[in-house]
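Hello,

Here is the structure you asked about. My notes follow below it.

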Amino acid sequence: MTQLGFYVDTAKCTGCKTCQLACKDENDLTVGINWRRVYEYAGGSWLCNDDGTYQQNVFAYYTSISCNHCAKPACTKACPTGAMHKREKDGLVVVNQDVCVGCRYCEMACPYGAPQFNAQKKVMSKCDGCFDRVEQGKKPICIESCPLRALDFGPIDELRAKYGTEADIAPLPDSSLTEPSLVLKAGRNAKPSGDRTGRIINTREV
Amino acid sequence: MHELPLVFFTVLAQGTVGLFLVLASLLLFNQKPERKRVLSRFMWLVLALLGIAGALAMTHLGQPLRALNVVFGLEHFSPLSLEIATTGLFGGAVFVYAAMTRFDILAKLHKLVLAGAMGLGVMLVLAIANVYTLATVPTWDSFWTVFQFVLTAFVVGLPMAALVLRAGATGLGVYQKNTDRALATLGFIALGVALAAYPLYVFWLGQVDASLLSRFDYHATLILTRGALLSAGLGLWIIAATRGNNTSVVVSAVSTVLVLVAEVCGRIFFYDTHMLAL
């Protein structure tokens with residue numbers, strides 16, 4: 001089985017959210033449903049120098065996250081119906097909306113906020129890795145829309161060979177929890193997972 | 001908040017298990033047929049309360065008509081499927097016991113079925129806690145979740161049991177009065193544990209994430225309201241009961257309502273503390 005996954009270059013990302021909007025457009029998502037979310041992580045304070053002058057170390061960076069199609073997904077483990085499942089052939093985690101009961105337990109369990117409740121259909125929805133596009137040999141719409149070329153998608157082995165294995169950057173959780181199929185590139189301000197010096201500042205957006 | 005049906009379900013289900021365990025303990029160590037007749041009648045009330053709790057939980061589903069799909073999750077031990085299955089098994093066992101005693105079927109097996117139902121009741125409280133102790137939710141993945149859910153079974157179950165006995169078992173005379181006093185003593189201990197442990201829980205939450213407690217401006221009010229209502233509710237009944245008033249239905253009813261509201265406040269706070277490790 002190949003496992004497909006995402007690469008996110010947090011050094012390049014400017015937080016423009018074109019990926020998020022392209023995803024909404026392609027998948028016709030209403031307000032309140034974001035299959036891809038851009039978390040803005042920021043912090044910093046004043047530091048006192050030896051000579052009594054002050055200097056700030058304010059930082060901000062962006063992590064664009066959809067679903068990481070984890071090797072050990074918390075959502076499928078939680079799901080009481082099996083509607084949330086991992087596809088055999090490409091490892092994508094998708095939800096069968098004909099089986100889902102809309103209990104929202106997957107939403108509670110996923111540490112990346114990937115499962116999104118569709119209030120009209122009363123069932124869960126989430127990033128499906130644009131598997132229809134992938135089958136046509138294209139990349140997911142978020143990847144192709146990125147003006148900074150900060151995103152990539154493909155078999156996770158190839159992504160790891162090309163970009164490394166980093167996946168533990170704040171505000172994302174420790175990758176040992178779900179083993180996400182995700183490779184990150186750290187920017188110069190990147191903080192490790194579990195960092196408490198900053199916080200997500202666009203909470204109403206994600 | 002969309003979890004409100006779950007707030008009511010968890011509080012009511014835990015309280016009902018508490019009520020059942022009190023009644024079942026009395027039945028288990030009882031030899032007199034008259035007491036057994038009166039006490040086992042209350043099992044229908046336990047079933048009704050459990051039914052209401054279950055119906056409330058159903059309203060949380062986006063697609064309640066597909067509810068039976070939850071059996072598929074048993075295959076991979078989904079905590080939610082296990083919780084729902086345990087609720088069903090517990091309700092089934094209570095029903096079997098109620099029916100057996102009502103129609104006097106296989107009298108020698110009554111206590112065995114009752115003990116089985118007690119075991120399932122305890123398992124139900126633990127199964128509910130198991131749903132929320134998720135490794136990916138640091139504020140829930142702790143002993144405090146189990147502790148709170150077990151405590152609810154006590155602080156709701158005890159005054160509810162006293163109320164039920166005052167309302168429907170006064171015919172048992174001094175037995176009802178003595179039971180009421182014993183329940184009040186247990187209630188006093190439960191209140192002490194609740195009041196001592198809750199500040200520790202809130203301190204612990206602050207350790208997990210210092211910003212958590214300032215995220216909602218009504219949280220301080222919610223926590224204090226819970227403490228005040230719990231103390232007032234249990235206190236009213238305990239003080240009256242230990243001073244000799246073991247029959248007033250009104251006092252017990254007011255107590256039970258106050259405690260239920262207190263636990264609902266506490267549970268709303270619990271659901272609000274949901275945070276992603278993110």
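**Sheets in chain A**

Ala42(A) stands opposite Ala60(A), a residue of β5(A). This is a predicted model, in which local features need pLDDT of at least 70, side-chain atom pairs count only at pLDDT 80 or more, and totals for chains, interfaces and linings use all residues. Residues are numbered from 1 along each chain as its sequence is written, while chains are lettered from A and ligands numbered from 1 in the order in which they are written.

A word on terms. Helices (H or I, at least four residues) and strands (E, at least two) are DSSP runs, numbered from the N terminus. Two strands pair if DSSP finds at least two bridges between them.

Strand β2 (residues 37-43) of chain A is joined to β5(A) by seven bridges, and the two run antiparallel. They belong to an open sheet of three strands, ordered β5-β2-β12 (chain A), with antiparallel pairing. β5 (59-65) and β12 (198-200) of chain A are at the edges with a single partner strand each, so one side of each has no neighbour in the sheet. From one strand to the next, the twist averages 25 degrees. Angles run from 0 to 180 degrees between N-to-C directions; axes are lines fitted to C-alpha atoms, for helices over the stretch in contact.

Another open sheet has three strands in the order β10-β1-β11 (chain A), and its pairing is mixed. Its edge strands, β10 (151-155) and β11 of chain A, each pair on one side only. Here the twist averages 15 degrees from one strand to the next. Five bridges link β1 (residues 4-9) of chain A with β10(A), running antiparallel. Val8(A) has Leu151(A) as its bridge partner in β10(A). Helix α6(A) packs on this sheet and touches β1, β10 and β11 of chain A. The direction of α6(A) makes about 130 degrees with that of β10(A).

**Backbone points to check in chain A**

Most residues other than glycine have a negative phi, and most peptide bonds are trans.

- Ala170(A) and Pro171(A) are joined by a cis peptide bond, with omega about 5 degrees. Pro171(A) sits in the loop between α6 (156-163) and β11 (182-185) of chain A.
- Arg104(A) is not a glycine, yet has a positive phi of about 70 degrees. Its loop runs between β7 (93-95) and α3 (105-109) of chain A. Arg104(A) is buried (20 or more other C-beta atoms within 10 Å; exposed is 12 or fewer, partly exposed in between; C-beta atoms placed from the backbone). The count for Arg104(A) is 21.
- Lys122(A) has a positive phi near 60 degrees. Lys122(A) is in the loop between β8 (116-118) and β9 (123-125) of chain A. With 16 C-beta neighbours inside 10 Å, Lys122(A) is partly exposed.

**Core**

A nonpolar core is a set of buried Ala, Val, Leu, Ile, Met, Phe, Trp, Tyr and Cys residues joined through C-beta atoms within 7 Å. The largest has 135 residues, and Leu23(B), Val155(B) and Ala161(B) have the most contacts inside it. Helix α1 (residues 4-28) of chain B gives the largest share of this core, 16 residues. Apart from neighbours within four places in sequence, Leu23(B) is in contact (C-beta atoms, placed from the backbone, within 7 Å) with Leu39(B), Phe42(B) and Ala161(B).

**Confidence**

The model scores ipTM 0.91 and pTM 0.93. Chain B averages a pLDDT (the predictor's confidence in each residue, from 0 to 100) of 95, and 99% of the residues score at least 70.

Best wishes

Technical notes. Contact = placed C-beta atoms within 7 Å.
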